[in-house]
Amino acid sequence: MTLKERYLKAVAAQLSRDARDDIIAELDDAIMTRMEAREAELGRPLTEADEEAVLRETGHPLNVAAQYGSGPLHVVGPELYPWWLFGVKVGLLALIVINAVSALIQMLVGNVEIGQGIGQALGAIISGGLTIVGMATIAAFIIERQAVKPAFLREWRVKDLALFELANFDVTRLSRETRTAERTTWRMSPTAKALAGAAGWAVITLAWAGVIHVGIDIEALSRTAPEAGGVDYNGLLIQTWRLLYWPGVIYGVTRVLFEGSKAFQPVGVRAGALTEVAFAVARTVGYVWLWIASPLSPHIRPEGLDDFIARARSIPWETPDALADLMMVMVAAAVVISIWEGLGHLIRVFTGQSRKGC
Amino acid sequence: MSVDPELFESMRLELRRGSLVLAVLARLREERYGYTLRQALAVDGLEMEESTLYPLLRRLESQGLLASEWREEDKRKKRFYRLSPMGAAMLMALAAEWRGINASLDKIL
């Protein structure tokens, strides 16, 4: 095989089948013409080194083939790059916060030593960070190849810009004067909230699904639950978590899609509120299930209001049922909050008015 | 004050990039194949790499501005390009635009 043939074969391998023969034929002719011109210049036949020089001047096969492609020659283009960078920063920030909190919890409950906790958190941040960067890059790759770019690239408002200060890690932001000055003016607009929500929910969902590790091993954490009063909380927590795994993933993915869709295409107040009502109903159903039908429910469901109050009053850790009482109060609070939020969204469905400040 | 050579080169290329399509369309009022087109442009002072020229020719053809056909010349098959009717109209429009830009810049400079 001659050098030219090897070169053309390398170019051909990068080209699509339908245009390959045509392009290679033209390139072959162009290279031959160049070589003949070089021969005429030198006044002698070309050596292998001369041929290689001509082929180098033509360009690397990857670059030459890429020039014939129809799509963009980049993964993340200049227009989308700032958004990609921002999304990665916010995702990494959320990941760091989640891992820091989980490491703290693990260290506080005595599950891990301090050094081990820090090490695990760092490991989780690195692997999770690579996943976030990879997924953001894949999303950008897909967006770059759409005929119509998303709305948030073309239609944006000055109100949306406050969120982008999140990516500023300047130390001066920590100063008291800066915080005071900014607190009165910082507001999140709907698009900014949607982007932040999508990024945050994506990290939470990936962590729940175990795609990225945030340092919390549910099964290990549940082993810290005391076996008290003859109740194996370890087993109950694991069972409950396993039963909630797929509903949690579905909820998280649905939230990511909903928040993401709001950033791409603004949603009307009523439509958005109706969807939020559905989410609130889903959360309430989940919490109620925890209370009345989960493996934990025999221990966290009170006999009545009097029993609820009595148990809530006696939550010191010394009592055998302390964990059950604490979970009872937490689930009750979660139900109340979900119902309250759902009612708020329901009012917005009827009135058509958005929240103050949006 | 001296000009930074790297910065000048990058700005010079950016300045030239916008004129290449017009130059190629203008030169293809007369039928040519890739190599002779490249030579003609080089004589005009517009050097173009083959890796830029040939994909550009394919793109202009896919946009309907050029027509091409394979013919045998000197015992080798070569692809000859020429302006299509749409390409001729586009050349006139772009040339008028170019003259307008030129006139504006002349006033500024």
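Which helix of chain A does A:Leu62 lie in? A:Leu62 lies in helix 4 of chain A. The model discussed here is predicted.

**Chain composition**

The secondary structure of chain A comes to 15 helices and two strands. Of its 358 residues, 23% count as buried. When contacts in chain A between residues at least 6 apart in sequence are taken, 74% of them join residues at least 24 apart.

Chain B has five helices and three strands, and along the sequence these follow the pattern α-α-β-α-α-β-β-α. Chain B has 109 residues, and buried residues make up 20% of them. Among its contacts between residues at least 6 apart in sequence, 44% join residues at least 24 apart.

Helix 1 of chain B covers residues 5-17. The helix has 13 residues and reaches 18 Å from its first C-alpha to its last, close to the 18 Å expected at 1.5 Å a residue. The number of buried residues in helix 1 of chain B is zero, so this helix lies largely in the open.

**The contact between the chains**

In the contact between the two chains, 13 residues of chain A meet 13 residues of chain B. On the side of chain A that touches chain B, the elements giving two or more residues are helix 2 (17-42) and helix 4 (61-67) of chain A. Helix 2 of chain A supplies the largest share of that side, seven residues. By class, the side of chain A that touches chain B has six nonpolar, five polar and two charged residues.

**Helices 1 and 2 of chain A**

Helix 2 of chain A also packs against helix 1 (residues 3-14) of chain A, and the two axes come within 10 Å and cross at roughly 145 degrees. The crossing of helix 1 of chain A past helix 2 of chain A is right-handed. From helix 1 of chain A, the residues that take part are A:Lys4, A:Leu8, A:Val11 and A:Ala12. They meet A:Arg20, A:Ile24, A:Leu27, A:Asp28 and A:Ile31 in helix 2 of chain A. By class, this contact has six nonpolar, no polar and three charged residues.

**Nonpolar cores**

In soluble globular proteins, nonpolar side chains tend to be buried together. The largest nonpolar core in this model has 27 residues. The members that touch the most other members are A:Ala94, A:Leu95, A:Leu195, A:Ala198, A:Ala199, A:Ala202 and A:Val203. Two or more residues of this core come from each of helix 5 (81-108), helix 6 (114-144), helix 9 (190-209) and helix 11 (233-264) of chain A. Helix 9 of chain A gives the most, with ten residues. Apart from neighbours within four places in sequence, A:Ala202 is in contact with A:Gly91 and A:Val256.

A second, separate core has 25 residues, including A:Val11, A:Ala30, A:Leu55 and B:Val24.

**Helix 6 of chain A**

Helix 6 of chain A has 31 residues, which at 1.5 Å a residue should span 45 Å; its end C-alpha atoms are 44 Å apart, which agrees. Its buried residues are A:Gly117, A:Gln120, A:Ala121, A:Ala124, A:Ile125, A:Gly128, A:Ile132, A:Ala136 and A:Ala140. A:Val133 is also placed in helix 6 of chain A. This residue has 15 C-beta neighbours inside 10 Å, so A:Val133 counts as partly exposed.

| Pair | Separation in sequence | C-alpha separation |
|---|---|---|
| A:Val133 and A:Leu85 | 48 residues | 9.0 Å |
| A:Leu62 and A:Leu15 | 47 residues | 9.5 Å |
| A:Arg38 and A:Val54 | 16 residues | 8.2 Å |

A:Leu62 has 12 other C-beta atoms within 10 Å, so A:Leu62 is exposed. A:Arg38 lies in helix 2 of chain A. With 15 other C-beta atoms within 10 Å, A:Arg38 is partly exposed. Leaving aside neighbours within four places in sequence, A:Arg38 is in contact with A:Leu46, A:Asp50 and A:Val54.

Methods: Residues are numbered from 1 along each chain as its sequence is written. Chains are lettered from A and ligands numbered from 1 in the order in which they are written. This is a predicted model: local features need pLDDT of at least 70, side-chain atom pairs count only at pLDDT 80 or more; totals for chains, interfaces and linings use all residues. Two residues are in contact if their C-beta atoms, placed from the backbone, lie within 7 Å. Helices (H or I, at least four residues) and strands (E, at least two) are DSSP runs, numbered from the N terminus. Ala, Val, Leu, Ile, Met, Phe, Trp, Tyr, Cys and Pro count as nonpolar, Asp, Glu, Lys and Arg as charged, and the others, Gly among them, as polar. The expected span of a helix is 1.5 Å times one less than its number of residues. A nonpolar core is a set of buried Ala, Val, Leu, Ile, Met, Phe, Trp, Tyr and Cys residues joined through C-beta atoms within 7 Å. Axes are lines fitted to C-alpha atoms, for helices over the stretch in contact, and angles run from 0 to 180 degrees between N-to-C directions. A crossing is left-handed if the near helix is turned anticlockwise from the far one by less than a right angle, and right-handed if clockwise.
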